[in-house]
Structure formats: structure tokens, C-alpha cells
Amino acid sequence: MIQEVVFPSGKVAYYFDCSAEEMLREELNAIFLTDENVFRLHEAFFEGKKVIRIAPGEAGKTLSNVELICEQLVALEATRETILVGVGGGVITDIAGFVAAVYMRGIKCTFVPTSLLAMVDAAIGGKNGVDMGLHKNMIGTVRQPQSIYFDIEFLQTLPDDEWKNGFAEVIKYACIFDHELFEKLEKRDATHFKTSRTALKGLVQRCADWKNKTVVNDELETGERKLLNFGHTAGHAIETLYHLPHGQAVAVGMMIAARIGEKKGVSKELVSTRLEKLLQRYGLPVATPYKTEDVMSLLRMDKKRSGDEIQYILMEEIGKGIIRRLSFATIEEVLRKYENND
Ligand code: ADP
Ligand code: ZN
């Protein structure tokens, strides 16, 4: 099924429920970028193709890797006709998008997201780039790929922890946009989505649609795209400080945001109790030991800060996110209350 999505910076063809192998078989100008894990687990997919491989993990998102990849593109005689195909998780789609934006001042690119997180989040929206030391995504561009191929067969080899990372983002969409999805997730569990292909395809497409809708309206994140940061403000701080997997940190960040919303009287219902149960149902943590001072000092450096306030995403009710300016004092109070992991 093809869906064309028109973003301000370009249109993207979304191929839901497809076989990436079939779709790309005829693509003679393609050069593939992947990581060693995905390459090893899906060797047949890459057979006979020009492939550039990098080591797996966030550590690969560096400018020096961009240079290495560009050197390999030159060695493979890539021209402006070449299509760079990023096959992997969010790290690969981020770096492939960036390399394609700068190699020869821009070549075409296509993504085949292979992790749940990449399918529902990272591969969508045109943000790409690399890290600079501890500064995540410090260098990058906003540029759309020409197409994205959603092929859930890749998820068969996805490790458990990576499923959880993806579910954290799925739960995020449910919290800020989709009450019905929240209820569906409450009734089902991870095993259901891992074993029912229909359910999994539906879930991927539903979340991808939410992200598309948001980015189409606000590609440069001046307004509603900020809602997608739900759970990510404190979450990123905790992720950086305690080296937690992204989804786990976001899960804790969503709990913190839910409690701030309740404390500020923004939430109309007891959102944190239901969220807590749902996160646990999908194997995600709801609390982690942290030091309030350390989290606060990172929050004070956040891009969303202005003066003594920061824009924070809260839940007005389940399925409805809202952007609010909060004082650092409010955030600190809530962080301190839950610091002892209870
Ligand atoms: P993200 O969580 O943003 O997708 P990565 O690109 O780092 O981040 O992917 C997470 C991890 O999952 C990496 O170690 C990657 O090699 C691995 N991975 C991605 N897709 C698959 C897959 N289909 N099967 C097994 N491992 C995968
Ligand atoms: Zn995220």
C-alpha cells in the first residue's frame, strides 16, 4: 500500500506492508548503508548489492563516520544518480539521511527501517544528523527521503530490549494523541503485537500516521511537533546521565511528565496511575534512581529553555498532550519527590 505524504520540504512515498527486497530489486543505482548486526542477520537481503557497513550503536553517529562513508561512496563510484538506502535502526536512518544531504551537495535517499523505533519514529520526519560528543543530534539537516519501505519481516530478529524501546514511543503517541490506542494497548500486550502480523502492521501504520500528520503541519518544530517531545525532556537527561536505553529513559520521563501535569492541575484525570500500569505491561521501567541536582543541571541546558522557564509537554488527559511553560522550581519539586525511586 502506497501513501504519499507531502511535507513542506518535499514529498515522501510510504510503502506500508511491503517486501523491501522486492521493492528494491530493480533499483540499479542503489548503494546500501547498514550496520553489522542488521547485515549479519539479513545477509540474504544484501546479496549482490553494494553495501557500506558500520559498527552498530549510537557511537557510530559521528562526523568522522560521515567522512568514512563518503569515502566509501567515492570508492563505489557513487554519482549524483546514486540512491543511498539506509537499512537499519534510527542510527542508520539518521546518518544515511545526513550523508545523502551532503554527499555531492545532495543525493537521493530511501529508508528501510528495521527496528520498531525506527518504523514508528526515527525514520519519519526528515530530521537527520550526527552527535558531537555528548550533544545528541548537534549537527544535521531537515530533509526528507524520497521513500520509506515498511517491511515488518525485519522485526523477526529484533532483540527484546529493542522492542521495548519501540513500545515506549508507541505509548508516547497513545498518551499525546490517541486515547483509543491507549485502551487497545491496555487490553493487549507485547506478545500479541509480536505474534500477530496484522496487529503489528496496524500498530506501525497508526503511529507512523501520527508522526506524519504532526510533521506535515510543523516540519521545523515551531509548534505542535514539540508534542512529540513528551517524556523526552527529563528522559534525555536521564538517558545521558545514567546510560539507559532510549525507551527506558523516555518511559521514566513520561512518568515524570504525567506527575508534573497532575501537580500543576493540568491533567483532568489521574493519568500517571494508568500510564504506570501500561508501561509495566510492556516491560518498561516507571522509575529509576537519579540525582535531582544532576537532572536539573542538564535540563537547564535544554534547547527548550527560555529564562527561568522551559517548555514542557504534559498530558491534559489520556490521548491529549499540551505544551506548557514551567518554572524550573516546579520541575525540581516533582523530581525531588520521586527521587527515591518509589
Ligand atoms: P534505534 O533504537 O533508534 O532504532 P539503532 O539504530 O541503534 O537505534 O538500533 C538499535 C539496535 O538494534 C542496534 O544494535 C541495531 O543493530 C539493532 N537492530 C536494528 N534492527 C534490527 C533487526 N531487525 N534485527 C536485529 N537487530 C536490529
Ligand atoms: Zn524518542
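Visitor: So a polar contact is a pair of N or O atoms within 3.5 Å; within protein, one must be able to donate a hydrogen and the other to accept it, and residues adjacent in sequence count only if both atoms are side-chain atoms. How far is Ser-115 from ligand 1 here?

Guide: A polar side-chain atom of Ser-115 lies 2.6 Å from an oxygen atom of ligand 1. This is a predicted model, where local features need pLDDT of at least 70, side-chain atom pairs count only at 80 or more, and totals for chains, interfaces and linings use all residues. Residues are numbered from 1 along each chain as written, chains are lettered from A and ligands numbered from 1 in written order, and side-chain values use heavy atoms, without hydrogens or water.

Visitor: What about Asp-35?

Guide: Its side chain puts a polar atom 2.7 Å from an oxygen of ligand 1.

Visitor: And which residue meets a nitrogen of the ligand?

Guide: Phe-154, through a polar backbone atom at 2.8 Å.

Visitor: New topic. How many aromatic pairs are there?

Guide: The structure has 13 (ring centres of Phe, Tyr or six-membered Trp within 6.5 Å; stacked under 30 degrees between planes, edge-to-face over 60, the rest tilted). One of them, Tyr-14 with Phe-150, is stacked, at 5.9 Å between centres and 15° between planes.

Visitor: Are those two buried or exposed?

Guide: Both Tyr-14 and Phe-150 are buried (under 20% relative accessible area, 1.4 Å probe, protein chains only).

Visitor: Why is Phe-32 with Phe-46 called edge-to-face?

Guide: Because their planes stand at 90°, with the centres 6.3 Å apart.

Technical notes: Buried means under 20% relative accessible area, exposed over 50%, partly exposed in between (1.4 Å probe, protein chains only).
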